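Here are my comments on the model, as numbered points. Please read them with the structure open.

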Amino acid sequence: MSHADRELVLILDYGSQYTQLIARRVREQRVYCEIHPCTVAAPGAGLDKIRAMSPRAIILSGGPSSVYGEGAPQVDPALFELGVPVLGICYGLQLAAHVLGGEVARADAREYGAAQVTVEKAEGIFHRFQPGETLDVWMSHGDRIEALPKGFSTVGVSGNTPFCAVADPARKIYGLQFHPEVVHTPRGAEILGAFLFDVAKLSPSWTPGSFVEEAVAKVEKQVGPQGHAICGLSGGVDSSVAAVLCHRALGDRLTCIFVDNGLLRAGEFEQVQAMFRENFHIKLVAVDARREFLDALRGVTDPEKKRKTIGKIFIDVFDREAKKVAAGEGASFLIQGTLYPDVIESVSFKGPSAGIKSHHNVGGLPERMKLSLVEPLRELFKDEVRAAGEVLGLPRSFIWRHPFPGPGLAIRCLGEVTEERLSILRKADAIFLDELRSSGQYDAVWQAFTVLLPVRSVGVMGDERTYDETCAIRAVTSSDGMTADWAKLPYDLLGRVSTRIINEVKGVNRVVYDISSKPPATIEWE
């Protein structure tokens with residue numbers, strides 16, 4: 001399937017915190033979609049860009065604005081005359097009603113949380129339900145529709161929202177006041193499926209296999225028959241899948257550079273080299289830069305300064321090694337494991353989100369190194385990257401490893417980062433992960449790791465007093481990492497982990513378990 005042959009669902013972002021979830025839910029139904037800022041459909045912008053995309057369906061997201069508010073995002077009414085099925089969600093519904101001649105007003109009370117919707121007509125987006133059926137849904141709105149535009153009828157109502165689900169079947173325009181994309185609307189996937197398949201007549205053809213085939217062809221075309229490329233391999237899922245995919249396209253015209261920054265997990269430097277050299281026969285340059293990184297981190301305790309220091313040294317080391325490869329191989333392309341959430345963030349209607357913590361990647365390298373950027377995964381979410389990795393033959397145990405931060409163990413070693421403290425942290429972390437795997441709990445959690453705290457406490461080991469460091473162990477459950485809850489691990493498992501760490505890791509005499517959720521905490525400690 002070529003890019004031009006895709007059945008595209010266009011999602012217009014009006015600033016909702018759930019816009020990415022809409023895209024994920026559409027992709028889960030094996031339908032390709034893209035998020036674009038709502039400004040591409042604003043009055044006066046023209047719809048040429050949208051026409052050029054040839055979308056088969058359009059979804060208008062929710063958002064925090066009121067359609068009457070100053071500066072509220074608007075939509076060109078001509079969008080609804082394109083002959084393309086449209087689904088408006090929350091603000092998207094209110095906006096459609098507003099521009100098509102309906103009436104939107106402030107609700108008597110803001111409605112936020114669980115609600116129930118009764119199906120009045122089993123048609124269109126409610127085609128898969130029965131009249132009179134009650135659906136549990138999630139509301140989040142302060143305005144509501146008071147009068148429908150001409151041609152619209154009600155297909156679902158709630159106690160506080162008479163026009164909760166509406167339809168104009170003749171023009172294939174539908175709207176929902178609630179959010180079908182969130183887990184709190186249990187049958188939301190059926191509603192979206194009815195829009196995609198029953199209304200828009202799409203086919204479920206977006207698969208990891210079709211993506212890999214298409215992406216390999218795109219890399220071949222971009223790099224050309226004689227071009228060479230460099231890939232910065234971190235050992236993480238994203239860069240690993242990007243490397244194997246590009247190797248399928250380029251063969252020996254790809255060289256990977258893997259930098260040991262001294263902040264990797266136990267045995268990781270050796271494991272990654274074995275994986276890519278022996279299993280995939282990829283040309284790999286392994287660089288031992290441990291001393292360089294640890295010297296630069298000496299005395300650094302602030303987490304943001306750690307991240308920036310690591311990022312700067314990484315760029316220096318990678319730049320140095322890449323120039324050697326470029327000189328020898330004539331490489332003029334740099335492969336980067338950018339994912340779709342990064343792309344969405346860069347074009348979001350709201351702009352980049354508040355910087356809670358800086359992120360470590362190779363952003364900025366292409367301009368500095370005069371290399372053309374290749375981003376084969378820029379259309380994928382994380383779970384889709386893993387599915388593509390399975391198609392490419394990466395072992396499941398590798399691609400389903402828990403996420404690992406770019407700055408590595410430096411941000412799990414609170415306080416100063418030294419070789420001695422990193423050694424303690426590595427051993428403790430290896431024990432925790434070993435016990436999770438042996439107990440069958442590893443795959444049940446999203447992420448698990450150990451943090452070495454800058455806290456010493458008194459203990460007794462044998463007949464001697466100790467004054468040693470404290471380890472915190474952290475395990476969370478999540479679907480996408482955007483929110484997370486602490487994992488309710490069995491007490492006997494936690495007990496074994498604590499006992500083993502205290503007995504086997506010299507320098508630790510206390511282990512604590514982190515039971516904070518995200519939000520308000522973040523998953524990582526720094």
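**Notes on helices and salt bridges**

1. Helix 8 spans residues 290–297 and holds both aspartate 295 and arginine 291, four residues apart, or about one turn of the helix. The model is a predicted one. The two side chains form a salt bridge, with an N to O distance of 3.1 Å. Aspartate 295 is partly exposed at 35% relative accessible area. Arginine 291 is partly exposed too, at 42%.

2. Helix 1 (residues 19–28) has nine of its ten residues buried, so the rest of the structure largely encloses it. Among the buried ones are Leu21, Ile22 and Val26, and also Arg24, Arg25 and Arg27. After this helix comes arginine 30, with a positive phi near 65°.

3. Arginine 25 has 16% relative accessibility and counts as buried because the cut-off is under 20%. Glutamate 28, at 47%, is partly exposed.

4. Helix 3 covers residues 91–99, and seven of these nine are buried. They include Tyr91, Leu93 and Gln94. Glycine 101, just after the helix, has a positive phi of about 105°.

5. Salt bridges total 38 in the structure. One of them joins glutamate 390 to arginine 396, at 3.8 Å from N to O. Shared partners also link Asp434, Glu435, Asp492, Arg496, Arg500 and Glu504 into one network.

Key:
Residues are numbered from 1 along each chain as its sequence is written. This is a predicted model: local features need pLDDT of at least 70, side-chain atom pairs count only at pLDDT 80 or more; totals for chains, interfaces and linings use all residues. Side-chain values use heavy atoms; hydrogens and water are left out. Buried means under 20% relative accessible area, exposed over 50%, partly exposed in between (1.4 Å probe, protein chains only). Helices (H or I, at least four residues) and strands (E, at least two) are DSSP runs, numbered from the N terminus. A salt bridge is a side-chain nitrogen of Lys or Arg within 4 Å of a carboxyl oxygen of Asp or Glu.
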